[in-house]
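Please open the model in your viewer and keep the selection panel at hand.

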Amino acid sequence: SRHALNVGVDAAVRRFRDNSGEDHDDYTIWAGGRVDVSRSGFLASEVRLAQRHEDRESPDDAQGFERTAFDLNSIVISYEIRPEANRLFMRLEGEYRGFAFEDSLGPFGPVNNDDRDRRELNGTLRLGYTPIPSYSLFLQGETRSIKYDDQFDDAGFQRDSDGDEVSLGVAMNYSGLVFGDIFFGYRSEKFNDPRFADIDGPSFGADLAWNISGLTTLSISGRRSVEPTTIVDVSGVVQTRLGLRVDHELLRNLILGLEWSKVDEDFDGIDREDEIDTVDFSARYLMNRRAELVLAYSDRSRDSNPITATGLRYSRGLISISAKIHW
């Protein structure tokens, strides 16, 4: 009933019928835990070591003969005080993420990805008040610092940046039927390179779920953020995400899922805007407590406006069958 410890390993081994050069293996090793400092407060931490491969549609993809591999290591430490008689709560979280991209071979020779290696430090403080048990009001502040290993990238730009965000929001939980949070705020991103203008503007975030019945759940998500990039002349990508998902338990051991998402990307510094539309369907067959089979279909498209040397049009239809085993 007190404290917790979790450790785990997962792997995704992907093999393609055509274009075997796209074959790749991803994995994650993690460990985390929670210490209940008091009845209302606990300290939590998690460490992850992962290897990932960049998707072909990524605007930063170097277009090598094989997918770009990178290591992603992260540490998260948080402290949370839950509301009691005074109805106040607090959450403080710090996160470190390190990216290390491997060099690749392209049609014009070796591709140097060392200038993409970076370290990110994120800090978030949420202070809230719970007037009634079903919902809370909160004020949240977030700060982020991005430092690249190379002072200048291959195009001669300084990519280091610092960002801050302040927002107001509501967290709710109505008897487990409707729960989640939503917030609106303002974000500012400043860059070390004097050729890059600051990115300022409104921000928002949402993560809400509605248990329509004991068998069906509707989820809504959204976020506006500024993502780092190494595209020439682009300081950052203003990304707006919206998503809608329905999960339905058709049988006790068969769960169907349907999700739609839309992402708009505005490349600050050049005339380029991308739209990414995705529709995902999945059927999860739970064989027992530790094993499941997943049949999935994903349809994804990216359109750049206008089409330029850096823009692209990309579409993908993917059918997959997966087996998952949990220990």
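A residue counts as buried when its relative accessible area is under 20%, as exposed when that area is over 50%, and as partly exposed in between, with a 1.4 Å probe and protein chains only. This is a predicted model, in which local features need pLDDT of at least 70 and side-chain atom pairs count only at pLDDT 80 or more, while totals for chains, interfaces and linings use all residues. Residues are numbered from 1 along each chain as its sequence is written, and side-chain values use heavy atoms, with hydrogens and water left out.

**Stop 1: the start of the chain**

Select His3. His3 belongs to the segment before β1 (4-14); helices (H or I, at least four residues) and strands (E, at least two) are DSSP runs, numbered from the N terminus. With a relative accessible area of 42%, His3 is partly exposed. Its backbone deserves attention: His3 is not a glycine, yet its phi is positive, at about 65 degrees. Most residues other than glycine have a negative phi.

Now move to Ser175, in the loop between β10 and β11. Here too phi is positive in a residue other than glycine, near 55 degrees. Is Ser175 buried or exposed? Ser175 counts as exposed because its relative accessibility is 72%.

**Stop 2: aromatic rings**

A search of the whole structure finds 5 aromatic pairs. Rings of Phe, Tyr and Trp (its six-membered ring) pair if their centres lie within 6.5 Å; planes under 30 degrees apart count as stacked, over 60 as edge-to-face and the rest as tilted. Select Phe99 and Phe101, whose rings form a stacked pair, 6.5 Å centre to centre with 10 degrees between the planes. Phe99 is buried at 9% relative accessibility, and Phe101 is buried with a relative accessible area of 7%.

Next, display Arg116. Arg116 lies over the face of Phe101, at 4.1 Å from the ring centre. A charge sits over a ring if NZ of Lys or CZ of Arg is within 6 Å of the ring centre and within 35 degrees of the ring normal. A further example is Arg34, which lies over the face of Phe42 at 5.8 Å from the ring centre.

**Stop 3: two serines in strands**

Select Ser74, in strand β4 (residues 69-81). Ser74 is buried, with a relative accessible area of 12%. Which residues does Ser74 touch, not counting residues up to four places away in sequence? They are Glu46, Val47, Arg48, Tyr96 and Arg97, where contact means heavy atoms within 4.5 Å.

Continue to Ser104, in strand β6 (residues 104-106). Ser104 counts as buried at 15% relative accessibility. Leaving out residues up to four places away in sequence, Ser104 touches Gly64, Thr68, Gly109, Pro110, Val111 and Asn113.

**Stop 4: Phe157**

Phe157 lies in the loop between β9 and β10 (161-174). Phe157 is buried, with a relative accessible area of 6%. Residues up to four places away in sequence aside, Phe157 touches Gln151, Phe152, Asp193, Arg195, Phe196, Val232 and Asp233. Phe191 is 34 residues from Phe157 along the chain, and their C-alpha atoms are separated by 10 Å.

**Stop 5**

The elements that give two or more residues to the lining are β9 (135-148), β11 (178-191) and β13 (216-227). Of the elements, β9 gives the most, with 3 residues.

How does the lining divide by residue type? There are 6 nonpolar, 5 polar and 4 charged residues; Ala, Val, Leu, Ile, Met, Phe, Trp, Tyr, Cys and Pro count as nonpolar, Asp, Glu, Lys and Arg as charged, and the others, Gly among them, as polar.

**Stop 6: Met287**

Finally, select Met287, in the loop between β16 (273-286) and β17 (291-305). Met287 is partly exposed, with a relative accessible area of 46%. Apart from residues up to four places away in sequence, Met287 touches Glu292 and Leu293. Ile325 is 38 residues from Met287 in sequence and 9.9 Å away in space, C-alpha to C-alpha.
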